[in-house]
Amino acid sequence: MTIRHLGFDARVTCRPEDVRNAQAVVFPGQGAAGQAMANLERLDLVKALKDALAHGKPFLGVCL
């Protein structure tokens, strides 16, 4: 089952502005936390994700 199957629009992105503009965020597990954090920092996504949480945006983080 996918998010779209549940009737929601979904977008896979690596762009901070997409995270900032999203109504909600689903952050899937990656299996390697160190490398995942390095990639988030490289893509400038850490601040966008923290901002989403700080502003009370619905956020689902799946086990990293």
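Which strand holds V26? V26 sits in strand β1, residues 25-27. The structure is a predicted model, so local features were taken only at pLDDT of at least 70 and side-chain atom pairs only at pLDDT 80 or more, while totals for chains, interfaces and linings use all residues. Residues are numbered from 1 along each chain as its sequence is written, and side-chain values use heavy atoms, with hydrogens and water left out.

Now for the overall layout. Three helices and two strands make up the secondary structure, in the order α-β-α-α-β along the sequence. The radius of gyration is 12 Å, close to the 11 Å from the globule rule for 64 residues, so the protein is as compact as a globular protein of that length. Here the radius is taken over C-alpha atoms, and the rule is 2.2 Å times the number of residues to the power 0.38. Helices (H or I, at least four residues) and strands (E, at least two) are DSSP runs, numbered from the N terminus. Along the principal axes, the C-alpha atoms fill a box of roughly 35 × 25 × 20 Å.

Of the 64 residues, 19% are buried; that word means under 20% relative accessible area, with exposed meaning over 50% and partly exposed lying in between (1.4 Å probe, protein chains only). The accessible surface comes to about 5,000 Å², and 58% of that belongs to carbon and sulfur atoms. Such areas come from the Shrake-Rupley method with a 1.4 Å probe, and for residues only the protein chains shown count as cover. As for contacts (heavy atoms within 4.5 Å), 73% of those between residues at least 6 apart in sequence join residues at least 24 apart.

Back to V26: this residue counts as partly exposed, at 43% relative accessibility. V26 also belongs to a nonpolar surface patch with I3, L6, F8, L60 and V62, and together the patch has about 550 Å² of accessible area. Patches are built from residues with over 30% relative accessible area and no salt bridge, joining like charges within 9 Å and nonpolar side chains (Val, Leu, Ile, Met, Phe, Trp, Tyr) within 5 Å.

K57 lies in the loop between α3 (46-54) and β2 (59-61). K57 is buried yet has no salt bridge, and its nearest side chain of opposite charge, D51, is 9.0 Å away. A salt bridge needs a side-chain nitrogen of Lys or Arg within 4 Å of a carboxyl oxygen of Asp or Glu; for charge, Lys and Arg count as positive and Asp and Glu as negative, with His and the chain ends not counted. Setting aside residues up to four places away in sequence, K57 touches V19, R20, N21, A22, Q23, A24, V25 and A52.

A10 counts as partly exposed at 26% relative accessibility, and beyond its neighbours within four places in sequence, A10 contacts I3 and R4. From C14 to M37, 23 residues apart along the chain, the C-alpha separation is 13 Å.

Lastly, D44 is placed in the loop between α2 (33-42) and α3. Its phi is near 60 degrees, a positive value in a residue other than glycine. At 48% relative accessibility, D44 counts as partly exposed.
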